[in-house]
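Subject: Structure for you to look at

Hello,

Here is the structure I said I would pass on. My notes on it follow below.

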Amino acid sequence: MNIQTYMQTLGREARAASRLMAAASTEAKNTALAAIAAKIRARADELLAANARDLEQARADGLEPAMIDRLTLTAKGIESMAQGLEQIAALPDPIGEITNVKRRPSGIQVGHMRVPLGVIGIIYEARPNVTADAAGLCLKSGNAAILRGGKEALHCNQAIAACVREGLEEAGLPATGVQVVETTDRAAVGELITMPEFVDVIVPRGGKGLIERISRDARVPVIKHLDGNCHVYLDDAADATKALPIVENSKTQRYGTCNTAESLLVARSRAAELLPAVGTMLAAKGVEMRACAESLSILRSASIAGAKLVEAQESDWSEEYLAPIIAVKVVTGLDEAIAHINRYSSQHTDSIVSENYTAAMRFLREVDSASVMINASTRFADGFEYGLGAEIGISTDKIHARGPVGLEGLTSQKWIVFGNGEVRK
C-alpha cells in the first residue's frame with residue numbers, strides 16, 4: 001500500500017462527503033445515529049470477539065496495565081457506546097443556529113450562525129469506544145471524519161467502523177462521512193496531520209509522546225491536552241465526611257484516565273486530622289504515596305498498615321502517573337494551593353473540598369484549568385457527565401474549545417447579515 005496515495009484518497013473522499021454532511025438534515029443525522037447504535041447492540045458478540053483478539057495481541061506485546069485497561073471492551077461498555085450515540089441524537093442540533101442578532105445604525109442586522117468545522121482527523125490509542133463516540137459527535141455536528149485508531153485496537157475499531165458505515169448508508173448519508181484508517185503504518189498519521197487541503201482540524205487522544213509529536217509536526221490546527229495532572233485540595237474548611245470519598249473516587253475509581261487525581265494538597269490546619277484517614281484508605285487500595293516531608297511525617301506517625309510511603313521528589317509534583325501512585329503535599333492554605341496548582345498542573349481538572357464559599361469561589365476564579373470543581377470528584381470531568389452525550393477529547397487550549405469537547409466544540413461560527421436593500425454610505 002502506498003500510504004501517501006491511500007491517505008490522500010481518504011482526504012478527498014472526506015472533503016467531498018463534508019459538503020453533504022454539512023447540508024444533512026437533523027432527521028437524517030439522528031436516523032444514522034440510531035441505526036449505528038442498533039447495529040452496535042446487535043453485533044455485541046462480534047465486537048467482544050474482535051476485542052478479545054486485540055487484547056490477546058496486546059498482552060503478547062507486553063502493553064502496560066493502563067493501556068490494557070483502556071483497550072478492554074465489555075458488554076457494559078458496548079451498551080454505553082450505543083447509549084452515547086442515542087444521547088447525541090437527543091441533543092439539539094447546533095448546525096444552523098442563529099444567535100446574537102443585532103440591528104446596526106445602517107439598518108442591517110448582524111449575527112452569528114453555527115457551522116461545521118469541515119473534516120476532522122482524530123488520532124487515538126486503545127479505547128475502541130472512541131471510534132463510536134467520535135463518529136457520533138462528528139456526524140451530529142455536520143462534519144466528516146477520518147479516524148485513525150491505534151494498532152492495538154485494530155480489529156475492534158474495524159468492527160465498529162462497519163456499523164458506522166452501514167448506519168450512514170441507511171440514513172442516506174455518504175458512507176465516506178466517517179472513515180476509519182485501515183492501515184497500522186505510522187506513516188498514515190504523518191500524512192493525516194499534513195493535509196490542510198483535506199483536513200480542517202486534528203484531535204489527538206493518547207499518550208503525551210503522541211500528542212507532542214502531532215503538535216510539533218501538524219500543519220493542521222490541533223485541539224489537544226498533553227497530560228492530566230489533576231489535583232484535589234482539602235481546604236481549611238473541608239468537610240471530612242466529603243473529603244475522604246472525593247479523594248478515593250478521584251484517585252482510585254480508575255487509574256488510567258486523564259481525569260484521575262495525581263496530586264493531593266492538604267491545608268496545614270487540617271493535615272494532622274485528615275491525612276491519617278486518607279492515608280489509611282489509599283493504603284488499603286494499594287496506592288503508593290509520594291509525600292512531602294511534612295505529610296510524610298504525619299503519615300508515618302499514623303502507623304498505617306501496608307502504607308507505601310516514599311519521599312516526594314520535585315518531579316512528582318508535575319507527574320501524570322496513570323497508576324496507583326499519588327503525590328501528597330501539605331500547603332499553608334488557599335494561596336499556596338492555588339499557586340502550586342497553577343505552577344504544576346497540566347490545566348486539565350482541579351477540585352477543592354471546602355465549606356467556605358469565599359475560598360471556593362476564589363479557587364474557581366483563580367485556578368487556571370479547563371475544569372475547576374467544588375466538592376466533587378475530578379472523575380466528573382467527562383463529556384458524558386457534563387451532558388454532552390459523549391466527548392471527542394479534552395482540550396486544555398485557551399482558544400476555541402476548552403475542557404470536554406462535544407458538539408459545540410466541533411463547530412465554528414460565521415457572521416451573517418440580514419439586509420433590506422441597505423448600501424454603505
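In helix α7 of this predicted model, the buried residues are C156, N157, I160, A161, A162, C163, V164, G167 and L168. The helix covers residues 154-170, 17 residues in total. From first C-alpha to last α7 reaches 25 Å, close to the 24 Å expected at 1.5 Å a residue. Just after α7, G172 has a positive phi of about 80 degrees.

Next, a helix pair. Helix α2 (residues 26-42) packs with helix α5 (residues 75-90) at an angle of about 170 degrees, and their axes are 9 Å apart. Angles over 145 degrees count as roughly antiparallel, and α2 and α5 are therefore roughly antiparallel to each other. On the α2 side the contact is made by N30, L33, I36, A37, I40 and R41. On the α5 side it is made by I78, E79, M81, A82, Q83, L85, E86, I88 and A89. Sorted by class, this contact has 10 nonpolar, two polar and three charged residues.

I40 also turns up in the largest nonpolar core, which has 49 residues. I40, I122, L147, L173 and I392 have the most contacts inside that core. Helix α6 (residues 129-140) gives the largest share of the core, seven residues.

What does I392 touch, leaving aside its neighbours within four places in sequence? I392 is in contact with I122, A134, L137, C138, V203, R205, V405 and L410. Another core, of 35 residues, lies apart from the largest one; L275, V278, I298 and A323 are among its members.

Regards

How values were computed: Residues are numbered from 1 along each chain as its sequence is written. This is a predicted model: local features need pLDDT of at least 70, side-chain atom pairs count only at pLDDT 80 or more; totals for chains, interfaces and linings use all residues. Side-chain values use heavy atoms; hydrogens and water are left out. Axes are lines fitted to C-alpha atoms, for helices over the stretch in contact, and angles run from 0 to 180 degrees between N-to-C directions. Helices (H or I, at least four residues) and strands (E, at least two) are DSSP runs, numbered from the N terminus. Angles under 35 degrees count as roughly parallel, over 145 as roughly antiparallel, 65 to 115 as roughly perpendicular and the rest as oblique. Contact means heavy atoms within 4.5 Å. Ala, Val, Leu, Ile, Met, Phe, Trp, Tyr, Cys and Pro count as nonpolar, Asp, Glu, Lys and Arg as charged, and the others, Gly among them, as polar. The expected span of a helix is 1.5 Å times one less than its number of residues. Buried means under 20% relative accessible area, exposed over 50%, partly exposed in between (1.4 Å probe, protein chains only). A nonpolar core is a set of buried Ala, Val, Leu, Ile, Met, Phe, Trp, Tyr and Cys residues joined through side-chain atoms within 4.5 Å.
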